[in-house]
Amino acid sequence: REDFDTTNLTNIKEATAEMDAASHKIETVVKRVMDFSKPGQQQMQLMNVNQCVRNAVDLSMVTLRKSGVALELKLDENLPECYMDNQLIEQVMLNLITNAIEELTVSEGERQLEVGTAERGHDEGERFIVISVGDSGAGVPAELSDKIFDPFFTTKHYGSGIGLSICHRIINDHHGSLAVSTNKWGGAQFEAVFPVKKGVTI
């Protein structure tokens, strides 16, 4: 205390706090890299995807309210049940919703978020479930629409580039696909599409 005045002590405390915050960020990134690198252990069960979506939305409601984001939930209540890992699907939804909120908080204009589910048919008779998350943010440039799912690719200043890669792999592990396009607001529209295959374990 004899060597440092109040100003120096304050600066040291701030620097220490920043170091602590940075260490937690590094820990989070390392954990996510490990989650991405290790093979997924899926717990498949017969589920209605709407329940997974609702759980993710419920977990996001506080953040949505604090961020001033208006949510529109459009769920098809007649969806067939199919085998999936509900925790992994919830992880995908939480990641997509969180990304949308982060985008909306730095964008100008109204903050709109639309989350939906639907069933889509195929010419050959195969049935698919579609989960969509769209926001009124700036959107994803066409030249980046494929790159954003690559590991470690990110457009965020503090992003790790792991989140969307994990989502992409989870949906692929469910024999589906994850893609991004432009929605009615001109923002990003993410669609996860996977087949309905009753009685099939993955």
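Trainee: Among contacts between residues at least 6 apart in sequence, what share joins residues at least 24 apart?
Mentor: Good place to start, and keep in mind that this is a predicted model. Take the contacts in the protein between residues at least 6 apart in sequence, then keep those that join residues at least 24 apart; the share is 71%.

Trainee: How many helices and strands does the protein have, and in what order do they run?
Mentor: The count is four helices and seven strands. Reading from the N terminus on, the order is α-β-α-β-β-α-β-β-α-β-β.

Trainee: What share of the residues counts as buried?
Mentor: A residue is called buried when its relative accessible area is under 20%. The protein has 202 residues, and the part of them that counts as buried is 37%.

Trainee: Which element gives the largest share of the largest nonpolar core?
Mentor: That core has 42 residues, and Val-49 and Leu-113 have the most contacts inside it. Several elements give two or more residues to this core, among them H2, strand S4 (112–121) and helix H3 (86–105). The largest share is nine residues, and the element they come from is H3.

Trainee: Which tryptophan does Leu-113 touch?
Mentor: Leave out residues up to four places away in sequence, and the partners of Leu-113 include Leu-64, Val-69, Ile-97 and Val-133. The tryptophan among the partners of Leu-113 is Trp-185.

Trainee: Where is the kink in H2 centred?
Mentor: H2 covers residues 49–66 and reaches 26 Å from its first C-alpha to its last, close to the 26 Å expected for its 18 residues. Even so, H2 has a kink of about 50°. Ser-60 is one of the buried residues of H2, together with others including Val-49, Cys-52 and Leu-64. The kink is centred on Ser-60.

Trainee: Which residue caps the N-terminal end of H2?
Mentor: Look for a side-chain oxygen 2.8 Å from the backbone nitrogen of Asn-50. The residue that supplies this oxygen is Asn-48.

Trainee: And which residue with a positive phi follows H2?
Mentor: Step past the end of H2 and check the backbone angle: phi there is near 70°. The residue is Gly-68.

Trainee: How many disulfides does the structure hold?
Mentor: A disulfide needs two cysteine sulfur atoms within 2.5 Å. For Cys-82, the nearest cysteine sulfur is that of Cys-52, 8.7 Å away, and Cys-82 is in no disulfide. For the structure, the number of disulfides is zero.

Trainee: Is Cys-82 buried or exposed?
Mentor: Buried means under 20% relative accessible area. Because the relative accessibility of Cys-82 is 1%, Cys-82 counts as buried.

Trainee: How far apart in space are Ser-145 and Ala-188?
Mentor: Ser-145 lies in the loop between S5 and H4. In sequence, Ser-145 and Ala-188 are 43 residues apart. From C-alpha to C-alpha, the distance in space is 9.7 Å.

Trainee: Is Gln-189 buried or exposed?
Mentor: Gln-189 belongs to strand S7. Its contacts beyond four places in sequence include Ser-132, Gly-134 and Val-180. Since its relative accessible area is 14%, Gln-189 is buried.

Notes
Residues numbered from 1 in each chain as written. Predicted model: local features only at pLDDT ≥ 70, side-chain atom pairs only at ≥ 80, totals over all residues. Heavy atoms only, no water. Buried < 20%, exposed > 50% of the residue type's maximum accessible area, 1.4 Å probe, protein only. Expected span 1.5 Å × (residues − 1). Bend = angle between axes of the 7 residues up to and from the residue. Polar contact = N/O pair within 3.5 Å; in protein donor to acceptor, adjacent residues only side chain to side chain. Core = buried A, V, L, I, M, F, W, Y, C linked by side-chain atoms within 4.5 Å. Contact = heavy atoms within 4.5 Å.
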